Amino acid sequence: MTFTDDFFRSSANGLQYHALNRRFLRGLFDLTLSRLGISINEASALREGGTVDVERLMDRLRLPTTPTGWASACNADLMAVLGAHGMPTFGPDCLVIGWGLPPSLQQYIDHSGASYIDLEIDPIRFAAHLHLCARTNDPVIAEALQSCRVDEEEIWNHASAIKSYFARHGAPSLFAPQLRVGVFFGQSLIDLSLISQGRAMLPSDVIAPLKQLAESVDLLVIKPHPYEPALHHLAAITRAIPNLAWTRENTYALLSANNLHFAAGLSSSVLTEAGYFMKPAKPLIQPDRNNVAALPASCSPWISVGPDIASMAVMAAICGDGTPSRLASWPTATIDWAFSSRWGLDTHNEGLRQLPPIQVGCSYSFATHAPSAAWLTHGWHEPEPWGTWSDKEQACIAIPLPQDIGAGTHAIDVRIEGHVYQGHARSASVRAFFDGKEVPAILKTSDGRISFLFSRTLDDQHDNRPLVIQFAIDDRQRPCDQGESTDSRHLGFGLTALCVSTHKEEEEVLLAA
């Protein structure tokens, strides 16, 4: 028995390596395999304490030792390096249990005559406990996996429970009930599920189909991946699609929203979950890892399994031991314990926020306890007595307009007041965008104050879309690095006030000034 993982995804290719996943597999199966008298070994990268010399293998494959090279290796013909530079060799009497095996390694194992079980965390993350998903090139093993398959009705029941929770917590719709919205769910920048045709895909690669989806709704909303701090890869979308906003709302609150018309993404696991909430899923790429043409012909579909895959009964059936197949109970929280975290429903989540509509002619603050702070939909710190600092390089505000605003009004003017953080050597900078176009600043002062002014035309049929303004912030800085305080937050743009008025009212304000 050999435990392995995608050892090409290592520091040799400039990537962060996660040995804990392989170690988790060994820990999960170790006692059962020992009781069955099965010998165990591991195959891992040389830089990570194993024997596989990834750098020399990449050279033999004529691939660069970069993340781009890793993406290509996911589809490479590894039989060309059979047994070379520590590359493990397998035979018909070997079973390989791997974590996140790319198509290239699955083909390599299959061509060697060995069987494999490819394991990952199951994409359904909202159930009471995390599960695994498994696939194999061996029909006997596939049959054995059915004995620990997760009951799909259990998943449907959990989805119903989540919908009932959010029916009592938070608003029933995102931003406003009359809006038709679609959500684009972001992913981590480095993810095997993003590899398509041997290349790591980015949101910028799917702008054309995403624009088509955006045209079918009033608003396309970006929900970044909660564990991916970088947002630069999403910036191309914000410039290309005018009817776009951002949100930090809970994923399952979004899937429960009455006005969600589709869930889109490159290949996010949320797209699998969306089906259990009866929301159409719109995957924008075909990952190689799920492309039948890239996998061994005998590879099974994914099978959702519980931690009892490592039980004596299941492993005896897989290994042909002949031990009586009595399936004893297994701790259902096994995977939760091992990963020290729970994806899914946060029982303290308040659900979708109710956004109050703006009153034309009023000025609004973004200070502590201000109701208008609900308009800060993404990229902001907690409000302070003076206003609110931006938290990320992309920030967004979304403001519902009164339903009768179009009556007798052809256009409204929007004025935004704030200031940029000023460090000792340099200052942060901010650009504002509306409808995908940059809004020029009408005021910039030496002490960091900045103002933006722009107009929005209202159509005769009444525009349902909220007022959405995006901010791109560069050179964010931390006060602790400036010696000002112990504040370690990244600060960029401080939003203080906003006013919406008709053209005439704005002219009077400017004349009075």
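Colleague: Why does Cys74 count as buried?

Modeller: Buried means under 20% relative accessible area, exposed means over 50%, and partly exposed is in between, using a 1.4 Å probe and protein chains only. Cys74 sits at 1% relative accessibility, so it counts as buried. One caution: this is a predicted model, where local features need pLDDT of at least 70 and side-chain atom pairs count only at pLDDT 80 or more, while totals for chains, interfaces and linings use all residues. Also, residues are numbered from 1 along each chain as its sequence is written, and side-chain values use heavy atoms, with hydrogens and water left out.

Colleague: And what makes Cys480 partly exposed?

Modeller: Its relative accessibility is 27%, so Cys480 counts as partly exposed. Over the protein chain, buried residues make up 55% of the 513 residues.

Colleague: How do you know that Cys74 is in no disulfide?

Modeller: A disulfide here is a pair of cysteine sulfur atoms within 2.5 Å. A search of the whole structure turns up zero disulfides. For Cys74, the nearest cysteine sulfur belongs to Cys299 and is 15 Å away.

Colleague: What makes something a nonpolar core?

Modeller: It's a set of buried Ala, Val, Leu, Ile, Met, Phe, Trp, Tyr and Cys residues joined through side-chain atoms within 4.5 Å. The largest has 90 residues, and Ile416, Phe471 and Leu498 have the most contacts inside it. Apart from it lies another core of 33 residues, including Ala45 and Leu101.
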